[in-house]
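We will go stop by stop, selecting as we go.

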Amino acid sequence: MDRRAEYAAELAEGVARFFEPRRATCPWCGSTRITLLLRSPDLVQRKPGRFRLDRCADCAHVFQNPRLSAAGLAFYYRDFYDGLGERVMDITFSVQTRQYRERAALIVPHADPASWLDVGCGHGHFCRTARKVLPRTSFDGLDFGGGVELARDRGWIRRGYRGEFPALAPELAERYDVVSMHHYLEHSTDPRRELEAAMKVLRPGGLLLVEVPDPESAWPKLTGRYWIGWMQPQHLHFAPRANLRAALTELGFTVLSETTDDPARSHGLTSAAMHLLGELIPPPDRPWLPRPTRTGQLARALGLLVTVPLVALAAAASWLLSPLARRYRLHHNYRLVARKS
């Protein structure tokens with residue numbers, strides 16, 4: 001059966017089964033004071049479905065509600081990082097070398113680690129670059145998808161573990177000096193459980209490095225559902241910095257540093273413009289969508305002719321406004337480094 005037939009068979013059953021029951025309490029603090037923040041379609045793959053993010057009025061945690069079920073996660077992840085999307089994502093990861101070096105450098109003031117586990121390692125691009133910053137460190141990777149095996153085969157990681165981090169943590173107990181989670185926690189169904197797994201895997205005195213989208217940044221307020229950080233339906237949880245810091249402290253970590261990515265390189269206007277314009281023009285030919293008609297193909301081609309210069313204009317505006325972005329701290333993500341006490 002080809003991909004289009006497989007997707008048609010799945011979608012024939014409807015998308016309602018891809019969601020868990022809607023919850024009435026905040027998954028972070030248990031408060032019942034939760035309100036709608038936004039609704040969004042899948043702006044990247046254009047797969048069917050609409051997704052809701054709620055915000056807790058007491059702790060400010062933002063979460064997908066109703067949340068994707070296991071079947072939903074499998075459906076919406078398929079052909080994104082692997083399959084049809086593997087080549088595009090490989091290129092996307094490969095051009096982020098500067099960000100990878102910045103992340104690795106956050107550990108340098110605190111340790112010269114012998115072993116590092118990158119959780120959610122993708123295709124291994126971070127580990128490949130981080131080895132240049134820390135040449136004496138051995139890097140291993142862990143992920144759900146086949147990218148971890150690709151990273152191992154390329155020689156970018158020493159060992160690759162495929163599966164769920166909390167389930168694998170007992171066999172990796174106290175094996176690592178550093179555990180990193182770059183844009184991983186927001187994908188997880190239970191962020192606290194992931195932090196507990198990191199505590200198990202780290203040696204005493206080991207370091208945890210976390211980078212996640214900042215829901216309290218100005219960009220979500222300025223660009224609404226087109227903020228790149230929301231990335232529905234994959235991102236399930238958005239923890240404000242104070243919440244994550246408190247959770248780490250409760251587990252026995254000591255937070256050593258808190259930083260953000262460089263606001264001058266946030267490209268917030270560019271990414272928002274791409275999402276907005278991508279929603280307005282007809283989608284590309286994808287196996288989960290109806291086969292496009294000739295009229296639809298022509299409309300998309302004309303739409304792309306308009307979109308390309310507009311995105312280029314947004315990119316130029318982002319560059320010109322970069323001093324203001326830095327001044328007003330228009331970042332996308334925050335980073336925490338914490339030590340296992």
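Two strands pair if DSSP finds at least two bridges between them. Helices (H or I, at least four residues) and strands (E, at least two) are DSSP runs, numbered from the N terminus.

Before you click, note that this is a predicted model, in which local features need pLDDT of at least 70 and side-chain atom pairs count only at pLDDT 80 or more, while totals for chains, interfaces and linings use all residues. Residues are numbered from 1 along each chain as its sequence is written, and side-chain values use heavy atoms, with hydrogens and water left out.

**Stop 1: the whole chain**

Show the cartoon. The chain has 13 helices and 11 strands. Its radius of gyration is 20 Å, close to the 20 Å that the globule rule gives for 341 residues, so the chain is as compact as a globular protein of that length. The radius is taken over C-alpha atoms, and the rule is 2.2 Å times the number of residues to the power 0.38. Along the principal axes, the C-alpha atoms fill a box of roughly 60 × 50 × 45 Å.

Now colour by burial. Buried means under 20% relative accessible area, exposed means over 50%, and partly exposed is in between (1.4 Å probe, protein chains only). Buried residues make up 49% of the 341 residues.

**Stop 2: an open sheet**

Select β1, β2, β3 and β9. They form an open sheet of four strands, in the order β1-β2-β3-β9, with antiparallel pairing. β1 (34-41) and β9 are the edge strands, and each pairs on one side only. Look at β2 (residues 50-56) next: three bridges join β2 to β3. Leu 53 has Gln 64 in β3 as its bridge partner.

Stay with the loops here. Arg 46 sits in the loop between β1 and β2. Its phi is near 65°, a positive value in a residue other than glycine. Most residues other than glycine have a negative phi, and most peptide bonds are trans. Then go to Pro 66, in the loop between β3 and α2 (70-77). The peptide bond from Asn 65 to Pro 66 is cis, with omega near 5°.

**Stop 3: strand β11**

Select residues 333-340. Seven of the eight residues of this strand, β11, are buried, so β11 is largely enclosed by the rest of the structure. β8 pairs with β11 in the antiparallel sense over seven bridges. Glu 211 stands opposite Arg 335. β10 (residues 253-260) also runs antiparallel to β11, joined by seven bridges. There, Glu 258 has Leu 336 as its bridge partner.

**Stop 4**

Cys 29 is in no disulfide either, with the nearest cysteine sulfur, that of Cys 56, 3.6 Å away. Cys 26 is buried, at 2% relative accessible area, whereas Cys 29 is partly exposed, at 41%.

**Stop 5**

On a 1 Å grid over the protein atoms alone, a cavity is a set of points where a 1.4 Å probe fits but cannot get out; a pocket is an open set with protein on both sides within 12 Å along at least five of seven lines; lining residues have an atom within 4 Å of a point. Grid points are joined across faces, edges and corners, and a volume is the space filled by probe spheres set on the points.

How many cavities of 30 Å³ or more does the structure hold? There are three. β8 (202-213) and β9 (237-238) each supply at least two lining residues.

Next, find the second largest pocket, with about 210 Å³ of space. It is lined by 15 residues, and the closest to its centre are Arg 23, Pro 27, Arg 67, Thr 189 and His 237. β3 (62-64) and α8 (191-201) each supply at least two residues of this lining.

**Last stop: Asp 79**

Select Asp 79, in the loop between α2 and α3 (86-94). Asp 79 has a positive phi of about 65° although it is not a glycine. Is Asp 79 buried or exposed? Asp 79 is buried, with a relative accessible area of 6%.

Definitions and conventions: A disulfide is a pair of cysteine sulfur atoms within 2.5 Å.
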